[in-house]
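These are my notebook entries on one structure. I set down what I looked up, one topic at a time.

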Amino acid sequence: MKIIKTADHSKTTILKTAIKVLTAGGLVIYPTETVYGAGVDATNQTAVKKLLAYKSRREGKPLSIAVASTIMAQKYAQLNSQALSLHQKFLPGPYTIISKAENNLADGVASEFGTIGIRIPDHELVTDLTTALNKPITATSANISGKKRPYTIQDIFSNLSTKQRGLIDLVIDAGELPPNEPSTVIDTTLSTPLTIRGNMLSHKNNLALISCSDQETIDIAGKFLLKYWDKIKNRGLVIGLNGELGAGKTMFAKGIGQFLKIPQLITSPTYTYIKEYSYNRHNIEGIFYHIDTWKIDQAENAQLLEIEGLIKPKNIVAIEWWTQIEKFLPEIKPQLIIDIQILSDNQRQLTFIEKP
Amino acid sequence: MTQTSPPLILAIDTSCDDTAAAVTLGRVVLANVVAAQTDLHRPYGGVFPTVAKQAHKENIKPAVNKALKQAGVTLQQLDAIAVTLGPGLAPALEVGIELAQELAKAWQKPLIPINHIEAHALSSLARANKKIYSISPLLTAKKNLEKIDHKLIAQLPLSNKISFNQQNIFPVLAIVVSGGHSEFIKINQLGSYEILGQTIDDALGEALDKVGRMLGLGYPAAPVIEKVAIHGDENKFKFPLPMTTSGDFNLSYSGLKTAASRLVSQLQADSQLNQQAILDLAASFQYACFRHLTYKLNKLLIDQNYSVDKKPFKQVWLGGGVSQNNKLRKMLRKILRSYQLKLFTPYSKKICSDNAAMVGIAANFHWAISLADSNFLKLDRKPSWSINK
C-alpha cells in the first residue's frame, strides 16, 4: 500500500499514480466533497470483487459510481427526464442519483433491483481522475460497512483488519475533510422520486409515493426494507399496512417476500390470520410473519394472535388492516406504517409514516 | 396389524377457526363434530368469527368426548389418534396437537400427523356410516379386541393405502377450494402430491367472503352468496377473466375482488346499490370467480390429458369449503364431461368445510407407515406445511 499526501505532491503525479493503480485493478482511497471514497474501476470484475471483500458484509446494499459528467453517466445508466433534470440541477454536488443500470458494469455494482447510483463529486481530483481514466470508479464510502463515516484516513484505518488493509493499493490523503454529510440519495426509477438518505430534499416523516404497477409496489417494498435492513437485523421490524380491500397490501407483502428471497408464494393470510415464512438473505436468517386482521373486531381476539411474541431481531412482522386492530394492541408499535390508496385501476399512492 | 384391518381413529383438527373432532373406521365416518366459531359468534351481532385459540381450548375436550360418544367407542378401543399439524394458525394448531399428544401418551396410542390440505384433497373418499356397509359387526369385534374376520370387511370401503394405490385410478386431480386455499393438486399415488396450480393472492372462498361482506351479506358470506345468486343475473355485471396470458395453471382472485370493490363503491355513490343490484352483483361475481377456476381447469386438462408425454387424469376429486357450492359443481362437471371425467365430491357439506373426519380418512391411509415411525410424543406444529412432494 502506498500513501501519497496531496499537500506533498503535484496534481499530475497524484493522477498518474492513481490511474496506474486503477488500470491495474487496484483499490484507491480518495477524497471527495463529502467523505473519503473507496474506488476501483467499476467495469473491472476482479477489482470490484476486491472492493466488495474490502467493504465486507454488503448484504445487498448497492454500490454507487463516480463519473466525470452526465454524458459519461449515460454510458452506464438510462437517465430518464427526471434524472436528467436532477443531474442538471444538483450535479456536480453531494447527491447520488439512482437510475436504471445498463449492463456494462461489473457484477455487484448495480443493485439487486437493477439500478445504479451515480455521483459526480464536486471535487476536482475525482473529476480529473474519472476523465483521464474514461471509466467510472466506485464511489462507496471508504469505511467498511457499518463503521464510522470516514473524514480522515485515521477514521478508516482504525477499523480495518490487517487483511482489509492489505487490499488497499493506494491512499490519497487530503488530510481532514470538512464534516459534510454523506451524499443525499435520490431514486428516480420509481414514479415518485424517493430520497433514501440525507435531508436536503427529504420529506420529513411522511413520504407519499405513487406506484403505477404491481411490480413497482414490489420494488418500493424492497427498497424500503433495504433502508431498514440494519434495524431489521438489530431489532426486527413491525410494519402496519392500511388500505381498503384490493388496495394492494398483499402486493406490498409480496415485495417484502421478494426482498427477503423467500421462495414460496406470498398469498393472502386472511383465512388463518398469520402466515409465516423463514428467510435467508445474505446468510441472515429470520422469519417473516404476514398477518391479516380483517376478521378481527375485538380486543381479546387481537390479543390471541400473540403478535408481541413474534417481534424479535431479524423478524419482520407485517400487519394488514392495522388501523382496525391498533386500538386493541397498544403494546405493538410499528416503526413503519404504510397507507395504500387506490387512485385508479393501476395507480396506487403509498404513504409511508416512519416512527423512529 | 394386517393390511386389511382398518384402524379405528380419533381425529382432531384445530387449524383455524373451527374446533373439530371425529371418529373414523377405515373410510367410514362414525362421528364428525365441528364446533364452529361462526355459529358461536353470530348471536353477538359481530360479523367476524373469534380468533380460535381460546375457543379451541374451551371446545376441544367437549368436542372429542362428543365424537367418541356418538361413535360409541372409548379411547382405549382406538387404534390411533390423528391430528392436523398444519398448515394453519400456529397458536390454534398447538391446542389440537397438545391434546392429541396428551391422549396418545395417556392411552399409549400411535399418533398420526396429518396435513390439512391432504385431508381436504382426500375428503371425497370419506364414506357415511350407512346401513348397507353393516359396519357394526366389525366395530363390535374391534371394541372387544377380537380377531377381525377378513370376509367381513372385504365388502366395506375400508381399503388402506397400499390396496388403494393398486387401483387403476391414478393420477387423480384434486381441486381444493376453501377460504384459505385454492389449489390444483396432482395425486400420483396417495402420499405423493404435486401442486400444479394455486392462487397467487386470495383464496376463492376468501374472495367470496370479502365481496359478500361488502354487499352486506355477513360473514362467512360465501354460502350466502350461493343462495342469493340464484335470484340474481350472473351476466348483469361483467368481470375480467384473470391471468389468461400466463402460461401456468395458477389462479388470482385479488383483481376480481378489487374490481368488485370498485363496482360496489360506484353503485353506492350513484345510489344504485338496491336489492336487485346486490343479487345481480353476487351472481355475477360468483360466476366470474368460478369461470376463472374452470378456465384454468380446462387449460390444465388440455395439458395433462392431451399431451403425449403425460399420463391423463383418471378421476377428479373436489374438496374444501367452497366445494359445497352446487353452482361450482355444475360448472366443473360441464368441463369434465368433455374429458369423460367424473367429479367426486364429499358426501356431505360437513365434510367439505373444515372438519376432522377428513383428517381421520387421510390418517387411515397413513396408518401402516406411522406405525413404523411412532415417535409420537415429539410432534410440532407446521403452520406453513406444504403437501408438495
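In which hand does α10(B) pass α11(B)? I found that α10(B) passes α11(B) in a right-handed crossing. I worked on a predicted model, and the entries below should be read accordingly.

**Entry 1: the helix pair of chain B**

I looked up the geometry of the pair. Helix α10 of chain B covers residues 254-269, and helix α11 of chain B covers residues 275-306. Their axes come within 11 Å and cross at roughly 165°. An angle over 145 degrees counts as roughly antiparallel; α10(B) and α11(B) are therefore roughly antiparallel to each other.

I then listed the residues that make the contact. From α10(B) they are L256(B), A260(B), L263(B) and L267(B). From α11(B) they are A277(B), L281(B), F285(B), A288(B), C289(B) and H292(B).

S271(B) has a positive phi of about 50°, although it is not a glycine. Most residues other than glycine have a negative phi, so I marked this one for the record.

**Entry 2: the sheet of chain B**

I traced an open sheet of six strands in chain B, with the order β5-β4-β1-β2-β3-β6 and mixed pairing. Which strands are at the edges? They are β5 (111-115) and β6 (127-128) of chain B, each of which pairs on one side only.

Within the sheet I looked at strand β1 (residues 8-13) and strand β4 (residues 80-86) of chain B, which run parallel and are joined by four bridges. A11(B) has A82(B) as its bridge partner in β4(B). Helix α3 (residues 90-107) of chain B packs on the sheet and touches β1, β4 and β5 of chain B. The direction of α3 makes about 155° with that of β4(B).

**Entry 3: cis peptide bonds**

I recorded a cis peptide bond between G86(B) and P87(B), with omega about -10°. P87(B) is found in the loop between β4 and α3 of chain B. In chain A, the peptide bond from L91(A) to P92(A) is cis, with omega near 0°. P92(A) lies in the loop between α4 (81-90) and β6 (95-101) of chain A.

**Entry 4: the domains of chain B**

The domain assignment of chain B gives domain 1 (8-166 + 350-378) and domain 2 (172-344). The contact takes 17 residues from domain 1 of chain B and 24 residues from domain 2 of chain B. On the domain 1 side, α4 (116-121) and α7 (161-165) of chain B each supply at least two residues. Which element gives the most to that side? I found α4(B), with four residues. That side of domain 1 divides into eight nonpolar, six polar and three charged residues.

**Entry 5: chain A against chain B**

Last, I turned to the contact between the chains, which takes 22 residues from chain A and 29 residues from chain B. On the side of chain A that touches chain B, the elements giving two or more residues are β15 (274-281) and α11 (299-304) of chain A. The largest share of that side, four residues, comes from β15(A). By class, I noted nine nonpolar, seven polar and six charged residues on the side of chain A that touches chain B.

Technical notes: Residues are numbered from 1 along each chain as its sequence is written. Chains are lettered from A and ligands numbered from 1 in the order in which they are written. This is a predicted model: local features need pLDDT of at least 70, side-chain atom pairs count only at pLDDT 80 or more; totals for chains, interfaces and linings use all residues. Axes are lines fitted to C-alpha atoms, for helices over the stretch in contact, and angles run from 0 to 180 degrees between N-to-C directions. Angles under 35 degrees count as roughly parallel, over 145 as roughly antiparallel, 65 to 115 as roughly perpendicular and the rest as oblique. A crossing is left-handed if the near helix is turned anticlockwise from the far one by less than a right angle, and right-handed if clockwise. Two residues are in contact if their C-beta atoms, placed from the backbone, lie within 7 Å. Domain bounds come from an automatic or database domain assignment. Ala, Val, Leu, Ile, Met, Phe, Trp, Tyr, Cys and Pro count as nonpolar, Asp, Glu, Lys and Arg as charged, and the others, Gly among them, as polar. Two strands pair if DSSP finds at least two bridges between them.
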